[in-house]
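Subject: Handover of a structure and notes on its contents

Dear colleague,

Please find below the structure that I am handing over to you, followed by an account of what was found in it.

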Amino acid sequence: GGDETQKRVEMPHSADAAHTDFSDPSYALVKSLLMKLKRRQLSTTQVAVETAEALRKVIVGTKGAATPKILIEKVRAVGRALMAAQPSELVVGNIVRRVLFIIREEHAQIVAQAESGGADEGEDERTKTSLRHPSLGGVLEGDISSFHQSLAENVPSNFKQVVSSGIKELVEEIETIKEQVADQAMEHVHANEVILTIGHSKTTFHFLREVAHRDRKFEVVVAEGAPSLQGHRMAKELAGAGISVTVISDAAVFAIMARVNKVIVGCHAVLANGGILAPTGMHMVATAAKHHNVPFVVCTGMYKLAPVFPHDQYSFNELKCPAEVTGPSAPRSAEVLNPSSDYVPPDMVSIFITNAGGHNPSYIYRLMADNYCMEDRGVL
């Protein structure tokens, strides 16, 4: 396993990546993260933070001239290796694209300042925006040179440090997302409402706890989320926060939904079409909510926005150990399936509550454009 990982990491993907030395000490975090990803040892948030930190170390440890082109090739090479270690963890690709976006943004600002003499900050913003979003007229005329602008070689000597600071800000954003989402809770949970959730989500827990801390009374119904039964943990934490909690089996969701005012849940990833990947059972909850016209609210961070499209329920999914479903006494002749995720289409989602505010599923495409560069969406 370790030898295969080493071979895959050292495989060059381009002329510039071929000069990347993965045995360099600056890649120690990358190697450690590779093994953790292969062993499924990290939560989604931990994956995001450790991926950003590993890429920051690689960038800071770059020797010689750290031009944008060299940094982009290094990040891409590392990103491919990390994504191959756990293909179903879309957050890895999201963070890699965000880091590439930071490099391009800082480069665009340097180019704009060089051209304008550093006098017009408004022009800087327009230049950066044009790099992210080519104008429709330019595309129709076949002129997207502003988008595919060549990367300047003569950047300031502190370019690595500038990019590193941008990645540190990204890590801080990820680590404070639960609090930022929870700050919006009072706008969405009203007095004496009945809220339904399923399984366990730290973001959803902080969201509901914030309402309870402000002395607003409400009730939460928690579906247990079989076979992992993480709903039991969620119920215990909510009860500890002084919230009235009722635990139900997943099979009772349709029966109880008529009493529910809102469904509030977390997710693994938000896809480019506005749909979500979430723990198994979420599609059933969304179907019940839609049948009873109950708002389906998703609490999530911007780092979970994945610029990829699902094809069906099996997209980005994987099968887990059957013993979680049957226990040790499963009949040998029976086939047991234990998928890790559900795909919920965008027409079943009412609103996303993110650290950047509340957004409809139809607006996700714009958030993607604000967080990722078009050039980086399909190159990994």
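Asn293 lies in the loop between helix H13 and strand E7 (296-299). In this model, which is predicted, Asn293 has a positive phi of about 55 degrees, although it is not a glycine. Most residues other than glycine have a negative phi, and most peptide bonds are trans. Is Asn293 buried or exposed? Its relative accessibility is 70%, so Asn293 counts as exposed.

With a relative accessible area of 33%, Leu229 is partly exposed. Pro227 has its place in the loop between E2 and H11 as well. A cis peptide bond, with omega at about 5 degrees, joins Ala226 and Pro227.

E2, helix H11 (residues 230-240) and strand E3 make a right-handed β-α-β unit. How do strand E2 (residues 219-223) and strand E3 (residues 244-248) run, parallel or antiparallel? They run parallel, and five bridges join them. Within this pairing, Val222 stands opposite Val247 in E3.

Strands of a sheet pair through backbone hydrogen bonds, either parallel or antiparallel. Elsewhere in the protein, four strands form an open sheet in the order E8-E5-E6-E9, and their pairing is mixed. Strand E8 (305-306) and strand E9 (341-344) are the edge strands, since each pairs on one side only. Strand E5 (residues 269-271) and strand E6 (residues 276-279) run antiparallel and are joined by two bridges. Here Val270 stands opposite Ile276 in E6. Helix H13 (residues 282-291) lies across E6 and E9, and it runs at about 30 degrees to E9.

For the protein as a whole, there are 15 helices and 11 strands. Of its 380 residues, 49% count as buried. Among the contacts with a separation of 6 or more, 77% are accounted for by residues 24 or more positions apart.

In helix H2 (residues 28-38), Val30, Leu33, Leu34 and Leu37 are buried. Why are they on the same side of H2? They cover an arc of only 110 degrees around the axis, which puts them on the same side of the helix. An α-helix has 3.6 residues a turn, so residues three or four places apart point the same way. H2 is followed by Arg40, whose phi is positive, near 55 degrees.

I turn now to charged side chains. Side chains of opposite charge can pair when their charged atoms come close. How many salt bridges does a search of the whole structure find? The search finds 15.

One of them is formed by the side chains of Arg98 and Glu173, at 3.3 Å from N to O. Arg98 lies in helix H5 (residues 90-116) and Glu173 in helix H8 (residues 159-175), so this pair ties together parts that are 75 residues apart in sequence. Arg98 has a relative accessibility of 9% and therefore counts as buried, the cut-off for buried being under 20%.

The side chains of Arg104 and Asp376 also meet in a salt bridge, at 3.0 Å from N to O. Arg104 lies in helix H5 and Asp376 in the segment after helix H15 (364-371), so the pair ties together parts that are 272 residues apart in sequence. Arg104 and Asp376 are both buried. Arg104 and Asp376 also belong to a network of salt bridges that links them with Glu73, Arg76 and Glu375.

A further salt bridge joins Asp370 and Arg366, whose closest N and O atoms are 3.8 Å apart. Asp370 and Arg366 are four residues apart in helix H15, so they are separated by about one helical turn. At 28% relative accessibility, Asp370 counts as partly exposed; Arg366, at 33%, also counts as partly exposed.

Yours sincerely,
A colleague

Note on methods:
Residues are numbered from 1 along each chain as its sequence is written. This is a predicted model: local features need pLDDT of at least 70, side-chain atom pairs count only at pLDDT 80 or more; totals for chains, interfaces and linings use all residues. Side-chain values use heavy atoms; hydrogens and water are left out. Buried means under 20% relative accessible area, exposed over 50%, partly exposed in between (1.4 Å probe, protein chains only). The arc is that of the directions from the helix axis to the C-beta atoms. Two strands pair if DSSP finds at least two bridges between them. A crossover is right-handed if, with the strands pointing away from the viewer, the path from the first strand over the helix to the second runs clockwise. Contact means heavy atoms within 4.5 Å. Axes are lines fitted to C-alpha atoms, for helices over the stretch in contact, and angles run from 0 to 180 degrees between N-to-C directions. A salt bridge is a side-chain nitrogen of Lys or Arg within 4 Å of a carboxyl oxygen of Asp or Glu.
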